[in-house]
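Subject: Structure for your review

Dear colleague,

Please find the structure below, together with its sequence.

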Amino acid sequence: MPRSRRTFQVFACPSCGSSPIRVIRGTWSGSYQGKRYVVKNLRYFHCPHCGEKVYDPSAMRQIQAASPAFSKAHRARKSA
Ligand SMILES: [Zn+2]
């Protein structure tokens, strides 16, 4: 698909429409079936109003790479 390579930007929360949505860079944690996993140095958007989190495609990839749900599907690579 022809898509321009612009930096992914979110100016308003897709959930509540609140406009000053914040960019967060730091350790992100999530859980999958009670297991906690973290992604270090992840950049994502966080709405201070409703708590919604928005991820750009590269953040999504990083989360998927760290997620136990995905590592199951794609057989964990040898740890470096
Ligand atoms: Zn919001």
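A strand, as the word is used here, is a DSSP run of E with at least two residues, and strands are numbered from the N terminus. In this sense V39 belongs to strand β2. Please note that the model is a predicted one.

Overall architecture

The protein chain contains two helices and three strands, and along the sequence these follow the pattern β-β-β-α-α. Of the 80 residues in the protein chain, 9% are buried. Among contacts between residues at least 6 apart in sequence, 49% join residues at least 24 apart.

Confidence

The average pLDDT of the protein chain is 85, and 81% of the residues score at least 70. Among the elements, β2 has the highest mean pLDDT, at 94, while helix α2 (residues 68-73) has the lowest, at 73.

The three strands form an open sheet in the order β1-β2-β3, and their pairing is antiparallel. Strands β1 (22-32) and β3 (53-54) are at the edges with a single partner strand each, so one side of each has no neighbour in the sheet. Between β1 and β2, which run antiparallel, there are ten bridges. Within the sheet, R22 is placed opposite H46 of β2. Helix α1 (residues 57-66) lies across β1 and β2, and runs at about 175° to β2.

In soluble globular proteins, nonpolar side chains tend to be buried together. The largest nonpolar core in this model has seven residues: C13, I21, W28, V39, Y44, F45 and C47. Strand β2 (residues 35-46) makes the greatest contribution to this core, with three residues.

Is V39 buried or exposed? A residue counts as buried if 20 or more other C-beta atoms lie within 10 Å of its own; V39 has 20 such atoms within 10 Å and is therefore buried. Apart from residues up to four places away in sequence, V39 touches W28, Q62, I63 and A66. One of these contacts, I63, is 24 residues from V39 along the chain, yet the C-alpha atoms of the two are separated by 6.4 Å. W28, another of the contacts of V39, is also listed with V39 in the largest nonpolar core.

Yours sincerely

Terms used. Residues numbered from 1 in each chain as written. Core = buried A, V, L, I, M, F, W, Y, C linked by C-beta atoms within 7 Å. Buried ≥ 20, exposed ≤ 12 C-beta atoms within 10 Å, placed from the backbone. Helix = DSSP H or I, 4+ residues; strand = E, 2+ residues; numbered from the N terminus. Contact = placed C-beta atoms within 7 Å. Pairing = 2+ DSSP bridges. Axes fitted to C-alpha atoms, helices over the stretch in contact; angles between N-to-C directions. pLDDT = per-residue confidence, 0-100.
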